[in-house]
Amino acid sequence: MESPIALPFESVVKTAIEQISLGVQVKIAQDEEKRNREFNQYIKELEFYKNSYDKELRQVFDYWFDLARATMLTANENLTKSAKEKADKELSQLTSLSTISKKKMDTLKYGGKETCRVLALYSQMQHHPFMNDNPIGHVYLFCKVLSVIKRDILGQDVDPLNIIKVLINNYSENEKEVLRSRKYIEKEYEKY
């Protein structure tokens, strides 16, 4: 048998192929390491924004619930004078121009078309004659805002009437006014 004939530069070609193969493996490892670093950075950023989002979104809902609750408290005739003054002060802070404009913008950040509609209704109804000396109308309006943003932002359907039933202890005594407010506000909402 004949021994294989060595080609000239065979060892050089073999070494070159091994070096290229090793270089490709190193490059693949470096690319994978880079992707892992970028992915880990992306996860950290996502977690940061998620935490901020959760906090801001919670503040949006807290505000609207606090507004509904404070409005109910100020309308409660059974409160002591000091409790009424405290409730009035809280409502005044919640409805200050700077607070309410910021909270409406925060709400718009997370909401969509329906949130925009209900906030437009809210803005227009604040100075509407129907709302004059009508705390139940105000409470129903806040419950409508809550209902819409819960559906628009969280995908949860909650009837504003059910929210108001939670807020009003003596619902049966106020049912006529609640239903009158509901009818009027829902009719106005359809216009937007």
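Helices themselves are DSSP runs of H or I with at least four residues, numbered from the N terminus.

The model is a predicted one, in which local features need pLDDT of at least 70 and side-chain atom pairs count only at pLDDT 80 or more, while totals for chains, interfaces and linings use all residues. Residues are numbered from 1 along each chain as its sequence is written, and side-chain values use heavy atoms, with hydrogens and water left out.

Helix 5 is mostly covered, with 16 of its 20 residues buried (buried means under 20% relative accessible area, exposed over 50%, and partly exposed in between, using a 1.4 Å probe and protein chains only). Just past the end of helix 5 sits Gly155, which takes a positive phi of about 75°.

Now for the partners. Helix 5 (residues 135–154) packs against helix 7 (residues 171–190) at an angle of about 55°, and their axes are 9 Å apart. Axes here are lines fitted to C-alpha atoms, for helices over the stretch in contact, and angles run from 0 to 180 degrees between N-to-C directions. Helix 5 and helix 7 are therefore oblique to each other; angles under 35 degrees count as roughly parallel, over 145 as roughly antiparallel, 65 to 115 as roughly perpendicular, and the rest as oblique. The crossing of this pair, helix 5 and helix 7, is right-handed, a label used when the near helix is turned clockwise from the far one by less than a right angle, with anticlockwise giving left-handed.

Who touches whom? On the helix 5 side, the residues are Ile136, Gly137, Tyr140, Leu141, Lys144, Val148 and Arg151, and they meet Asn174, Glu177, Val178, Ser181, Arg182, Ile185, Glu186 and Tyr189 of helix 7. Contact means heavy atoms within 4.5 Å. Sorted by class, the contact of helix 5 with helix 7 holds seven nonpolar, three polar and five charged residues (Ala, Val, Leu, Ile, Met, Phe, Trp, Tyr, Cys and Pro count as nonpolar, Asp, Glu, Lys and Arg as charged, and the others, Gly among them, as polar).

Helix 7 also packs with helix 4 (residues 113–125), at an angle of about 120° and with axes 10 Å apart. That makes helix 4 oblique to helix 7, and their crossing is right-handed. Glu114, Arg117, Val118, Leu121 and Met125 of helix 4 make this contact with Tyr184, Ile185, Glu188, Tyr189 and Glu190 of helix 7. By class, the contact of helix 4 with helix 7 has six nonpolar, no polar and four charged residues.

Is Glu188 buried or exposed? At 9% relative accessibility, Glu188 counts as buried. Leaving aside neighbours within four places in sequence, Glu188 is in contact with Leu121 and Met125.

Asn169, in the loop between helix 6 (160–167) and helix 7, counts as exposed at 80% relative accessibility.

Over in helix 1 (residues 10–75) is Val60, buried with a relative accessible area of 2%. Apart from neighbours within four places in sequence, Val60 is in contact with Asp106, Thr107, Tyr110 and Ile149.

Note on methods
Helices (H or I, at least four residues) and strands (E, at least two) are DSSP runs, numbered from the N terminus.
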